[in-house]
Amino acid sequence: MALILSILTLCVYSAWYLKTQVPDVVCIAYGDEQILNLGLKEVSVQAVEHASVIPGGVPIGVYLETRGVYVVGTSEVLSADGLLREPALQIVEAGDYILAVNGKTVEDKDELIVCIQANKTETMVLKLRRKEEELQVRVSAVQTDEGDYKLGVWVKDDIQGIGTLTYMTQDGKFGALGHGITDSDTGELLDAAGGALYDTMILDIVKGVRGTPGELSGSITYSDRHARGTILRNTQCGIFGEADEVLARELDDGVVEVAFRQEIETGSAVLHSAVSGELKDYEIEITEIRLNESDVNKGMVFRVTDPELLVLTGGVIQGMSGSPILQNGRLVGAVTHVFVNDPAKGYAIFAETMLGGSE
């Protein structure tokens, strides 16, 4: 019975290992030959060329516009008669996008406010996008004692912040952040209508400590003259678009190959970053590789070992998302998140996955 139990346990473990630890697709370079006889699981082996990119590492200012006016939540409104009312309750939901009012398209908060004030307390029709569905709802604004009209919805139409450029291609395409831009209140990935990269200057570095993530503090120059790229897509794998020549000149000249995920090894690697003011390589150790992790932003776990970077930042801090990771002269990933209780540790997305998300 003990022997049978041991055999069953081994079978269950083997099935689990093949399902979770062996990738469904394995990419190999042209000229390479790889035979995978896995028995319990079939693996597709694809012969593809290594992509080549220029590693980034420089901080960038990010400005993203939403497609429609994004609803963060609803709230009560104190009406002119002294009563608390919540006109949008169970009609408009957090995560909705307001696309139009009474048939008129609204692209930002100011246009929405103008439409509400013009409509006063008359019933208005809002065109919403809720997940993949478009719908129309009826709602009436409440007049306040100041004489204006409110729907009781908290909204936003853009988001700004500092991140890090991951790579540029030789034809000027870029990838950055390593993760998508989400709303801080709802956690939903924002539907981008466009946006831009801008010049940014790092003014201060707040070190990360156990329980409190650090951050890069800086100023972003929002003007056409300081725009350094156009954001075309916001995905779970990062933001993607087209960069200008000025941004390209800030990067190193070297072009590197993008490693396939099965070519990555646990052990030493480098984090390429200009967090100190100049582009440098900092020593890290890749401690875990998750080939079939469901969260694309957590394909690898690494630890910062470089004494200089630990003194400077404490490890991984906010604003370093997108910093490229290289191993054996190849781009293998990009920083995505920090371990809050251990700022020296972080997660990374596979570079192969990130490039795939740009298409």
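Modeller: What follows covers the nonpolar cores and then the aromatic pairs. This is a predicted model, in which local features need pLDDT of at least 70, side-chain atom pairs count only at pLDDT 80 or more, and totals for chains, interfaces and linings use all residues. Residues are numbered from 1 along each chain as its sequence is written, and side-chain values use heavy atoms, with hydrogens and water left out.

Colleague: Which residues touch the most other members of the largest nonpolar core?

Modeller: They are L165, F174, I181, L197, I239 and L247, in a core of 25 residues; a nonpolar core is a set of buried (under 20% relative accessible area, 1.4 Å probe, protein chains only) Ala, Val, Leu, Ile, Met, Phe, Trp, Tyr and Cys residues joined through side-chain atoms within 4.5 Å.

Colleague: And which element gives the most to this core?

Modeller: That is β4, with five residues, where strands are DSSP runs of E, at least two residues, numbered from the N terminus. A second, separate core of 24 residues includes L216, A269, L309 and V338.

Colleague: Changing topic, how many aromatic pairs are there?

Modeller: The count comes to four, with rings of Phe, Tyr and Trp (its six-membered ring) pairing if their centres lie within 6.5 Å, and planes under 30 degrees apart counting as stacked, over 60 as edge-to-face and the rest as tilted. The Y198 and Y222 rings have centres 5.1 Å apart and planes at 75°, so this pair is edge-to-face.

Colleague: Is Y198 buried or exposed?

Modeller: Y198 counts as buried, because its relative accessibility is 13%.

Definitions and conventions: Buried means under 20% relative accessible area, exposed over 50%, partly exposed in between (1.4 Å probe, protein chains only). Helices (H or I, at least four residues) and strands (E, at least two) are DSSP runs, numbered from the N terminus.
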